Amino acid sequence: MKILTSEQIRRVDAETIKREGIPSLELMKRAAKAFYDRFTERFPDKNSPVLIFAGVGNNGGDGLVVARLLNKSGYNVKVCIVEYSDHYTEDCAHNVRRIKAENISYMKVREEKEIPELSGYDLLIDGIFGTGLSREVSGIAATVIQRINESGKPVISIDVPSGLFLDRPTSFAVHATETITFQIPKLALYLPDNQAYTDKVTIVPIGLNKEAIAQEASNMSLVERCNIRALLKPLHKFAHKGTQGHGLLIGGSLGKIGSVCLASRAALRSGCGLVTAFVPGCGTSVLQTAFPEAMVIEDRNGTHITSIGYTIRPDAVGIGVGMGLLPETQEAFYRFIQQNRAPMVIDADGLNILSKNREWLSLLPPDTILTPHPKELSRLIGEWREDYEKIEKTIAFAKKYRLIVVLKGAYTLIVTPEHLYVNRTGTPALATAGSGDVLTGIITGLLAQGYSPLEAAQSGVFLHGLTADLTAAEIHPRSFIASDIIDNLGRAYFEIEKRIR
């Protein structure tokens, strides 16, 4: 699904109206109805007092139509029109007249003393500003937003939280508890810097013209289940372990062999036919006891990796988990990347070694996958002031070295030299020790099965997050551990392959 800018969204709206021969009010009704359907599903209690904040633009018009729909279905709803300007859009003004005609309780707010007391409401709906906001919020609108944020009430924002910019950093906006956005994903809704504003994000279709969307060029996409389902390779009846790929996991050091155990288990659970772990001598008995399905090759040293050598021919390599940063290990890593030609995933200490020896980055094969968390990323690309700068610097880094960079986070970003992909599976349960090691194993296993590096990165990240989504009602996020990801990979595959009715 394409991610578009505010200007592109405006063009798609206009083209939908033009191509389908509908008035702009009809598109507003579609959007409001989609919001209404989601809202009433989430909040079925019609006795809960609801206050809707509407601006004087088209986002305010959406809010007024929502008020009409809720009132008609029996909800206890009132409207507060925030008059930050004397100029109403035509569609918003039309709906002000409609709420008057339908006897819906409303008030207009121009001064701070006119802001209603919010303690008497159970739910607040935010429809003050939409995607067209071009300057910082000020005046009465800023005061109202501050009151909303101080209320402690659940806030559901229409399309975007009021005050949120789509294409640049935001310093002040509504703190929504849920954002119900219209059909087209917006990058700003998925960035860490905006987490206080957006919280839970739900996309609802509103019937925007498909051809108009297709005509808009974009180098950003939201990864969806249908995308991953289309990538999955069929399992042939006569498949055997030799045809399903051989993954090699290189890492571990004294006290950190568990990371290789997790990565190896995850690689095999991802569908890989064979998995071999290359570890220091201290890791052999641990691996073969904890995970007998894996084969093991020992380094000549007992406590850490000093020389990476083997006679097998792996289809993919994952390197770096638990490996440590000793000089001998760094030298072994350098010699390995000089001669390796297999598709590769680099994580953890492999990334830290590269950050200490940046000239080695040019030795990596094209489309090597790096999987940094934020601190590891900053060591590679330098510090950033805000998320847009981080993305810009990561894209430049990916272009320079021809890499794929997986930026791990609540919404993991997959950055290639040409494109940015946003993954939205996953919950805070994944913030647990070993979660990254498991992701490395999954992606390595997919690479070994013949998926392209981009396919492996997209599918691996999606599967990894989906395990947390699927177990959210059974395993409390506080008690979820990395092994739970591995144990639920099969369930995640079932969910992806399930046909949509």
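Predicted model: local features only at pLDDT ≥ 70, side-chain atom pairs only at ≥ 80, totals over all residues.

Strands of a sheet pair through backbone hydrogen bonds, in either the parallel or the antiparallel sense. Within this order, β12 (residues 316–319) pairs with β13 in the parallel sense over three bridges, and Val 317 has Met 344 of β13 as its bridge partner.

The end of β13 leads on to a backbone angle that deserves attention. Ala 348 lies in the loop between β13 (344–346) and α12 (349–356), and although Ala 348 is not a glycine, its phi is positive, at about 50 degrees. Most residues other than glycine have a negative phi. A second case is Asn 103, whose phi is near 60 degrees, again a positive value in a residue other than glycine, and which is found in the loop between α4 (90–101) and β3 (106–109). Are these two residues buried or exposed? Ala 348 has a relative accessible area of 15%, and since buried means under 20%, Ala 348 counts as buried; Asn 103, with a relative accessible area of 69%, is exposed, because that value is over 50%.

The largest pocket holds about 1,400 Å³ of space. Its lining consists of 43 residues, of which Ala 410, Arg 424, Thr 425, Gly 426 and Thr 427 lie nearest the centre. The elements that give two or more residues to this lining are α6 (195–198), β7 (200–204), α15 (435–448) and α16 (453–470), with α16 providing the largest share, six residues. Sorted by class, the lining of the largest pocket has 18 nonpolar, 15 polar and ten charged residues.

The second largest pocket contains about 1,100 Å³ of space, and of the 41 residues that line this pocket, Asn 58, Asn 59, Gly 130, Thr 131 and Gly 132 are the closest to its centre. At least two residues of the lining come from each of α1 (6–20), α2 (24–42), α3 (58–72) and α5 (139–150), and α1 gives the largest share, seven residues. The lining of the second largest pocket divides into 17 nonpolar, 15 polar and nine charged residues.

Key
Residues numbered from 1 in each chain as written. Heavy atoms only, no water. Helix = DSSP H or I, 4+ residues; strand = E, 2+ residues; numbered from the N terminus. Buried < 20%, exposed > 50% of the residue type's maximum accessible area, 1.4 Å probe, protein only. Pairing = 2+ DSSP bridges. 1 Å grid on protein atoms, 1.4 Å probe; cavity = no way out; pocket = protein on both sides within 12 Å on 5 of 7 lines; lining within 4 Å. Points joined across faces, edges and corners; volume = space filled by probe spheres on them. Nonpolar A, V, L, I, M, F, W, Y, C, P; charged D, E, K, R; others polar.
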